[in-house]
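Visitor: I'm new to this one. Can you put it up and take me through it?
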Amino acid sequence: MIEQQTAIAPQPQTQQNVATIRDVLRNPNFVKLWAAQILSQTAQQIVNYALVLQVANLTNSSTAVSGIIIAFTVPAILFAAIAGVFVERNSKKTMLTLTNLARGIMVLGYLFTNPEWGVGAVLPIFYIITLLFSAVSQFFNPAEASMIPLVVSREELVPANSLFNLTLPAAQLGGFVVLGPLLLSTVFHNNYNGLYIVIFILCLAAAGITYFLPQDRPDATAAERRKKGEKVGVGEVAAGATEIARKGYREAGHELAEGWNFIRRDPVIMSAIIYWSIAIAVFMMLGTIGPTFLTNIGIEQSKLFYILLPGGVGLVLGVLVVGRIARPDNREAMINISLLAAGAALVLFALLYPVLRWAYTALGKSEPPETLVLAFLGILTLLLGFFNSFISVPAQTALQERSPEQIRARVFSAFFTISNAILIVPVFFAGALGDWLGYAQAIFGIGMAVILIASFGLYRSRHRRTAGRVAVPDTNTGSPQNGRSKRYITQEEAEAALTAGSPAPRPLLAKEQQQAIKEEEPAGERK
């Protein structure tokens, strides 16, 4: 528990006085934790941007860029479960401080690489440091989430979590899309070492802030066990760490299996997960191919900023609009149509420069102006971000609504594990395809694949709605004499009629309809 002399116990709220965001911002311990999250998440996104661009600049290969993204992704699959169990056994404050400090020190490793050594020497160093950085980050996230209930009251959990959930997309927009590109192009003039020093300072500041959080003392920590008279040496610590790893993998496997079994029995949840994963993969693949794509059309890689910023704006606009439009009866169609539109935007993204160049050549002019090309590409990425929100928000809502509370966390755990595992294949495939066929051709192919997947999803959705219709007597004509006068309503309409007290019969399954109609037909009309 948190020590009484350092913790500031929040005052309980009454039911009439519901906690608000303003209330949690008056809590100094929460503000420290939130500030540490902002700094660390921003540092994470700047690292992502710097590595993607620097590796693309060093190698001129999208396959090499794919390797960096995979290096960030693999530890989330391998260590997330162990990290959660390990954090439960140790001080959250200590974990937050040490992980931020460790990540800052690791970033300094990028400073000691020299491009003159050659790609074969520099690239493995980048991959190893990135793997270690991402592995340590897996311990930061559960420690941070577990610390929130220790510094706020139960009534303040909802506004506190709302602020933390808002920070991630804000950090992505601020770090990857705005701050990283802006510092690189204006302050450091394409000197990546300057960015890595900024990242080190941000991580060091986050570690310093978490150091002043109240200390929690789990019973399982080595210090507390020694106070009880237990022997805790190197051997015991090693044995305990091994057991934590085993327990983490066992629990992760069990929870993943339970979540997956539930997911595969619900076609709506399965579709939501697949399309949400595709939406994430599309943005990641565009980030993989984007830098080299710009180089091939004669634009500096550092100007990727002018394409990514509209995408972030589109994400924000989409989040603001989707809540006003999405309803339970249109979410599935909205996801499919948005995915179809995203595929069309990718196709236009690939065709834009060749079409502009052809048009300017036909007018007797040279290459189209760089400003015009960036403006049109920015408009298309803005649309991609907008459509992405119309996929991710309804998909997340579907997962939350259709998953029972007792299994919801496992469903989301299964989703993130599956999504990260699936992401590796298309990201690497996109990079290799770009190096092999060409980057415009790769983006065009990805766009066409997304269009085909969305079209198949629309077909399946329509087929499932048709198959799910049930037979009830026509209320205008009374009980029908035969099946020809039957009217069909959906399962949801039948349940609503029963709830309202209407004399609707028990709905028939789709396979029972034809048999019911045949049984009601006069014998002379049967063939």
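Visitor: How do the axes of helix α2 and helix α7 cross?
Guide: This is a predicted model, where local features need pLDDT of at least 70, side-chain atom pairs count only at pLDDT 80 or more, and totals for chains, interfaces and linings use all residues. Residues are numbered from 1 along each chain as its sequence is written, and side-chain values use heavy atoms, with hydrogens and water left out. The axes of α2 (residues 28-59) and α7 (residues 192-211) cross at roughly 160 degrees and come within 9 Å. α2 and α7 are therefore roughly antiparallel (over 145 degrees).
Visitor: What residues make up the contact of α2 with α7?
Guide: That contact has 18 nonpolar residues, five polar and one charged.
Visitor: New topic: which residues have the most contacts inside the largest nonpolar core?
Guide: Phe293 and Leu377, in a core of 80 residues. Such a core is a set of buried Ala, Val, Leu, Ile, Met, Phe, Trp, Tyr and Cys residues joined through side-chain atoms within 4.5 Å. Helix α10 (residues 267-296) gives the most to this core, 14 residues.
Visitor: What is Phe293 in contact with?
Guide: Leaving aside neighbours within four places in sequence, Phe293 contacts (heavy atoms within 4.5 Å) Phe349, Leu377, Tyr439, Ala440 and Ile443.
Visitor: How far is Ile148 from Leu33?
Guide: They are 115 residues apart in sequence and 7.8 Å apart in space, C-alpha to C-alpha.

Terms used: Axes are lines fitted to C-alpha atoms, for helices over the stretch in contact, and angles run from 0 to 180 degrees between N-to-C directions. Helices (H or I, at least four residues) and strands (E, at least two) are DSSP runs, numbered from the N terminus. Angles under 35 degrees count as roughly parallel, over 145 as roughly antiparallel, 65 to 115 as roughly perpendicular and the rest as oblique. Ala, Val, Leu, Ile, Met, Phe, Trp, Tyr, Cys and Pro count as nonpolar, Asp, Glu, Lys and Arg as charged, and the others, Gly among them, as polar. Buried means under 20% relative accessible area, exposed over 50%, partly exposed in between (1.4 Å probe, protein chains only).
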